[in-house]
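I am opening a notebook on this structure and will write down what I look up, entry by entry. Please keep the sequence and the model at hand while reading.

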Amino acid sequence: MSSPALQVPEASVGVTPAPPTTTGPGGQRLRRLIERREAAIFLVAVLLFIYFAIKSPAFISYANFVTLTQFLAPIAVIGCAEVLLLTSGEVDLSLGTVFIAFPFITYFLWANHGFSIGLATAVGVIGAAIFGLVNGLITTMFSVPSFVTTLGTLFALDGAMLLLSNGTQETMTLTGTGGNILGNWSWAEILWAGAAVLLMYVVLHRVRFGNHITATGGNLLGAAEAGVPTRRVKIYCFMLAAALAALIGVIDSVRITTLDPGNDGTLVMFYGISAAVIGGTSLSGGRGTVIGGALGAIVLAFLYDGLNITGVSAYTFQLVLGIAILVAMIANVQLHRAAMSRFGRRVTS
Amino acid sequence: MPNSEPVEVDPRSWEGSRRRFLRNAGVAALGIPMLGGLVETLSEVPADASTRDRARLTKTNDILAQGSVFASHPTYTFNFVNHVTTNPFFVPTQYGAADACALFGCKYQWTGSSTSVVAEMVTAMNTATAAGVNGISVPVIDPTAFIKPTNSALDAGIPVLAYNANPPASTASQNHQLCYIGQDLFQAGVEAGNRILPLVSKGDLVAGLIATPGSLNIQPRIDGASSVLKPAGIDFVEQGTGALLSQESTAVEAYYLGHKDVKFMYAVDDGTGEAVATTITKHGLAGKVFGSGWDIAVPELKAVQSGALAFSIDQQAYLQGFLPVMYLFLFTITGGLMRPSDTDTGLYFITKDNVGPYLAAPSRVEGSTTAQTVLPKPTTAIIKADAGLS
């Protein structure tokens, strides 16, 4: 006689069920934790932390923690923004360039046109959202793959930034409380990043719009026929992603006091996509996790900072970072496949 | 909201998945330390040293650590933050750092950004500070970005030197690096301008070609030349070419095709210099349109030898790695009595007349070989030329 708590799913019909086992609430909670998509990447992050902490006690020093969070912040925001887009079935290659370029708009409004830094930042962020709107419209209205759309807009934005800035670095030094809030204070950037990630978590996992994003990416036609406004969903994702990338770009520029149009935004974009993917978000859409994206960013930050702090030089650094990303991704994929094959389609998320 | 309740399944299935999970976790737990071991093995000596050199360097470190020259001391670690970590210009710089470390029984780390991303350099500096290294060297390619990280390092008792690029006058008083080791960039531009003047006439178009306008390691070279050429009535214009060699080649050629009246193409970095040489050669412009390069990449030296370039400039990149290590080591081991001092690593014009020794044999100080070699002693002509006697 089966325990009332034990229900055999359709996929297991024909399989002789094992004798019922008694699992307490604590055990069930633990099992649900391990079943989560993010469990693997969380484990990888913990192992990396332990490894680097043992290798170099400086890794767990306060000073290094501050440095680590400053490196983590933009990758976490861009990574989680890519989670939204990837889940909806799209990708945005221009987010790194948005991160570099739109702070220039903020700077020019503030330095040359007398805007307050708050207003200038708001205008920059809104401008980025409009840029995201353009990406979304081109992708949805003209059925251009987002890879191509955002590749084109990446170059166009890069060129526009160079023209606007005349290719010259600018210095942005803020003072006072405003400056502290917008990046001078050591913890400002990670707090802003945390707020942005929290917003994206709520959007994807806690409101109906998140269901629409997942449905759109998982089955576009089915979602549309079910009444989901799939075009609008994608456009909103592009806009939100660009706005948050621009915001964290302003914060980062204030922190380091410089804006450089020659900076390569594609690197931070690749870090962001790596964070999203190794955190468990599917490249084919329909499945995404903001927590996973944040954990993926943490893994990358641990690797980057840990390799630096343990004295790895630049040539070896690239090799090791690449291998480490592959290993983390393989571990994540294997674990998820194991969960999918054993538990069927329904996995806790 | 999706139903987040898990589906209860056959515990045997769960057991299998748990086994796989634990297996994979074990793989990760083993893999990370193994990866770390790989990192350690690859990081023990400079990646570019030959096997024989590795053994020699390690042995030398052991001997010096035992105090054969200086008193016994810990193995100090010095961090080089760089803006273009993979740029071949800095290969001799790394050799210089490696050789100095071998002499003084120290270690160095080469880190920073491969694409001049200031935020990455700032992160690298802060990480080095947190790691408690014994000294940091950094090219100050931004007027303000390195003020805070330098102060943080100083507060942590870590001396900081500037190399290859020094802060501009506008923020020099806020940038507290102990000294600058490198070329006087503005003066180098002035001298280059003086070399260009005899080759052009009043009203001629001279293009100042720069990879990344505004970057403090190269912009002063443009500014220095401009300060000479414009007052002389030369139509001097600045043109950006991009940071990648492929970009620079296209940009320079496109500029020439759109400005066929240009009389001199003045490049202030080695990539652009190569691009200028390629354009002059490709279009058969030698003798009609002049060009110049910067630094001693082999293609540029060959272009000087062939006449495609009127001159290039040697700033002795090897010394920009050797001297910071030496200064930081002496500063550390003497308790601060031997203070680092500003050092101009030189401004040497390489022309068709004196390019020979650069191309005669590969040398470690040029970065053209990893081997330690002894080259023929300088000729009287070289010595007198270096002394300012023709």
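In which loop of chain A does A:Thr257 lie? I found A:Thr257 in the loop between helix 11 and strand 2 of chain A, where helices (H or I, at least four residues) and strands (E, at least two) are DSSP runs numbered from the N terminus.

Before going on, I note that this is a predicted model, in which local features need pLDDT of at least 70 and side-chain atom pairs count only at pLDDT 80 or more, while totals for chains, interfaces and linings use all residues. Residues are numbered from 1 along each chain as its sequence is written, chains are lettered from A and ligands numbered from 1 in the order in which they are written, and side-chain values use heavy atoms, with hydrogens and water left out.

Most residues other than glycine have a negative phi. A:Thr257 has a relative accessible area of 12% and is therefore buried (under 20% is buried, over 50% exposed and in between partly exposed, with a 1.4 Å probe and protein chains only). I then turned to A:Ser143, in the loop between helix 5 (117–141) and helix 6 (146–165) of chain A, whose phi is also positive, near 55 degrees. A:Ser143 is exposed, because its relative accessible area is 61%.

**Entry on the largest cavity.** I noted six cavities of 30 Å³ or more in the whole structure, a cavity being a set of points on a 1 Å grid over the protein atoms alone where a 1.4 Å probe fits but cannot get out, with lining residues having an atom within 4 Å of a point. The largest has a volume of about 360 Å³, the volume being the space filled by probe spheres set on points that are joined across faces, edges and corners. Of its 24 lining residues, the closest to the centre are A:Phe99, A:Asp252, A:Val268, B:Val117 and B:Ala119. Helix 11 of chain A gives the largest share of that lining, five residues.

**Entry on B:Asn82.** I placed B:Asn82 in strand 1 (residues 77–82) of chain B, and it counts as buried because its relative accessibility is 0%. Its side chain reaches the backbone nitrogen of B:Thr85 at 3.4 Å. Not counting residues up to four places away in sequence, B:Asn82 touches several others, including B:Phe90, B:Trp110 and B:Tyr163, where a contact means heavy atoms within 4.5 Å.

**Entry on the strands of chain B.** I traced an open sheet of six strands in chain B, in the order 2-1-3-4-5-11 and with parallel pairing; two strands pair if DSSP finds at least two bridges between them. Strand 2 (107–112) and strand 11 (343–344) of chain B each have a single partner strand, so one side of each is left without a neighbour in the sheet. Strand 11 of chain B pairs with strand 5 (residues 180–182) over two bridges, and B:Gly182 stands opposite B:Asp344 there.

I also followed strand 8 (residues 262–267) of chain B, where five of the six residues are buried. Five bridges join it in parallel to strand 6 (residues 205–210) of chain B, and three join it, again in parallel, to strand 9 (residues 290–292) of chain B. B:Tyr266 is the bridge partner of B:Gly208 and stands opposite B:Ser292 in strand 9.

Methods: Polar contact = N/O pair within 3.5 Å; in protein donor to acceptor, adjacent residues only side chain to side chain. 1 Å grid on protein atoms, 1.4 Å probe; cavity = no way out; pocket = protein on both sides within 12 Å on 5 of 7 lines; lining within 4 Å.
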